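Please find below some notes on the model, written for a colleague who has the coordinates open.

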Amino acid sequence: MTVTTPRGFRAAGVAAGLKASGAGDVALVLNDGPDAGVAAVFTANRVKAAPVLWTQQVVRGGVVRAVVLNSGGANACTGPAGFQDTHATAEHTATALTASSPRLMLGAGEVAVCSTGLIGERLPMDKLLPGVRAAVRGLSREGGQPAAEAIMTTDTRPKTTVVGGSGWTVGGMAKGAGMLAPAMATMLCVLTTDAVAGPEILDAALRAATRVTFDRIDSDGCMSTNDTVLLLASGASGIAPTEAELTAAVTAACHDLAQQLIADAEGATKQIAIDVVGAATEEDAVEVGRSVARNNLVKTALFGNDPNWGRILAAVGTTTAAFEPDGVDVAVNGVWVCRSGAAAEDRAKVDLTGRDVTIRIDLHAGEAAATIWTNDLSHAYVHENSAYST
């Protein structure tokens with residue numbers, strides 16, 4: 001159930017001392033080929049971390065053989081020196097991999113770099129680079145789980161997935177528990193496949209997948225500087241699926257990982273699906289769902305098991321979506337507490353004692369629909385984020 005389930009991949013996760021806890025903090029994923037196609041999507045934040053800027057350049061070349069990831073430091077807002085650190089990390093990784101197996105003959109331009117952690121501080125390269133060498137030595141087909149653990153920050157558990165195709169497979173790992181907002185949610189994610197697929201098909205499949213998965217989870221409305229999702233193809237299966245088949249598998253993998261991210265969101269006690277139907281356009285449905293997902297009054301009400309539908313309707317009203325205020329219906333966990341913009345069934349009928357919550361909003365303005373996934377806002381979220389850097 002990891003990035004090494006598809007054929008042609010090895011991985012490792014090691015502790016380099018970047019984290020005071022001594023937990024794993026450097027991960028490496030290697031594509032042994034025969035192919036090395038890649039696609040990626042990145043944060044839409046204008047303030048981008050050095051690893052994002054580096055990896056954007058690398059991906060334009062269409063070939064990525066290795067991804068080196070670290071937790072314990074974001075290497076964001078670190079200026080030219082931080083970019084030089086990223087470049088040095090890629091060069092060091094390429095050199096170490098080539099030395100371990102000369103047939104690889106990697107260059108720095110074939111190494112993607114991802115970082116996650118506290119913004120504004122340079123990475124301790126005297127620890128990171130030895131960690132990279134240790135990860136190279138530890139590469140194996142069984143290394144997917146340690147790699148997934150090594151990229152965790154405030155995550156309480158690793159996130160991995162596998163989706164099977166017809167003779168080929170998609171695997172993946174992700175991290176993320178806070179600053180989860182589009183685009184693409186705050187996260188690092190590496191997806192692998194042993195399917196035969198070139199960069200164009202990979203890019204189309206990945207963008208279609210992230211649009212309806214990672215782009216639609218919104219935990220706290222905060223967008224990171226480091227978001228990166230990479231899709232690597234080894235071609236080791238020898239099978240070339242159709243674009244539709246590949247897109248379906250990548251979408252399923254991204255959906256699984258996205259749900260794991262929301263389930264592990266910082267301090268969350270509720271996992272909330274906001275289904276918006278009857279919208280004039282899909283864009284309207286997304287806007288309405290996101291407005292409700294980001295509304296702190298809605299999120300705190302759900303934390304307190306209060307089906308306060310008035311707060312939901314008020315959040316809908318802040319959008320530019322097409323609808324008539326006296327035509328909106330709202331259901332919470334199957335109870336239609338609001339009909340035609342006014343009170344309907346008794347809110348006391350709503351059972352919010354469980355973890356899963358579904359809010360359904362019918363705008364009665366068209367045929368489009370979309371779902372946004374979020375979580376509640378708890379005391380634990382405030383506590384954790386009030387002391388993140390200390």
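This is a predicted model: local features need pLDDT of at least 70, side-chain atom pairs count only at pLDDT 80 or more; totals for chains, interfaces and linings use all residues.

1. Salt bridges in total. The structure contains 14 salt bridges.

2. Asp-85 and Arg-122. These two residues form a salt bridge, with 3.0 Å between the closest N and O atoms. The pair joins distant parts of the chain, 37 residues apart: Asp-85 belongs to helix α2 (residues 79–100), while Arg-122 sits in the loop between β5 (111–116) and α3 (125–138). Asp-85 has 7% relative accessibility and is therefore classed as buried, the cut-off being under 20%.

3. Asp-218 and Arg-294. Here the closest N and O atoms of the salt bridge are 2.7 Å apart. How accessible is Asp-218, buried or exposed? Its relative accessibility is 0%, so Asp-218 counts as buried. Arg-294, in contrast, is partly exposed at 38% relative accessible area.

4. Asp-329 and Arg-339. A salt bridge connects these side chains at 3.4 Å, N to O. Asp-329 is in strand β11 (residues 329–332) and Arg-339 in strand β12 (residues 335–339); the two are ten residues apart and the pair links distant parts of the chain. Asp-329 is buried, its relative accessible area being 7%, whereas Arg-339 is partly exposed, with 40%.

5. A salt-bridge network. Asp-155, Arg-157, Lys-159 and Asp-264 are joined to one another in a network of salt bridges.

6. Helices α7 and α9. The axis of α7 comes within 8 Å of the axis of helix α9 (residues 309–316), and the two cross at roughly 130 degrees. α7 and α9 are therefore oblique to each other, and their crossing is right-handed. Which residues make the contact? On the α7 side they are Val-288, Ser-291 and Val-292, and on the α9 side Ile-312, Ala-315 and Val-316. Sorted by class, the contact of α7 with α9 comprises five nonpolar residues, one polar residue and no charged residues.

7. Thr-89. This residue is found in helix α2. Thr-89 is buried, with a relative accessible area of 4%. Neighbours within four places in sequence set aside, Thr-89 is in contact with Val-68, Val-113, Met-125, Leu-128, Leu-129 and Val-132.

8. A cis peptide bond. Most residues other than glycine have a negative phi, and most peptide bonds are trans. The bond from Gly-33 to Pro-34 is cis, with omega near 20 degrees. Pro-34 is located in the loop between β2 (26–31) and β3 (37–42).

9. Positive phi at Ser-340. Although Ser-340 is not a glycine, its phi is positive, at about 55 degrees. The residue lies in the loop between β12 and β13 (342–343). Ser-340 is partly exposed, its relative accessible area being 44%.

10. Positive phi at His-364. His-364, also not a glycine, has a positive phi of about 50 degrees. Where is His-364 found? It is in the loop between β14 (356–362) and β15 (368–375).

Key:
Residues are numbered from 1 along each chain as its sequence is written. Side-chain values use heavy atoms; hydrogens and water are left out. A salt bridge is a side-chain nitrogen of Lys or Arg within 4 Å of a carboxyl oxygen of Asp or Glu. Helices (H or I, at least four residues) and strands (E, at least two) are DSSP runs, numbered from the N terminus. Buried means under 20% relative accessible area, exposed over 50%, partly exposed in between (1.4 Å probe, protein chains only). Axes are lines fitted to C-alpha atoms, for helices over the stretch in contact, and angles run from 0 to 180 degrees between N-to-C directions. Angles under 35 degrees count as roughly parallel, over 145 as roughly antiparallel, 65 to 115 as roughly perpendicular and the rest as oblique. A crossing is left-handed if the near helix is turned anticlockwise from the far one by less than a right angle, and right-handed if clockwise. Contact means heavy atoms within 4.5 Å. Ala, Val, Leu, Ile, Met, Phe, Trp, Tyr, Cys and Pro count as nonpolar, Asp, Glu, Lys and Arg as charged, and the others, Gly among them, as polar.
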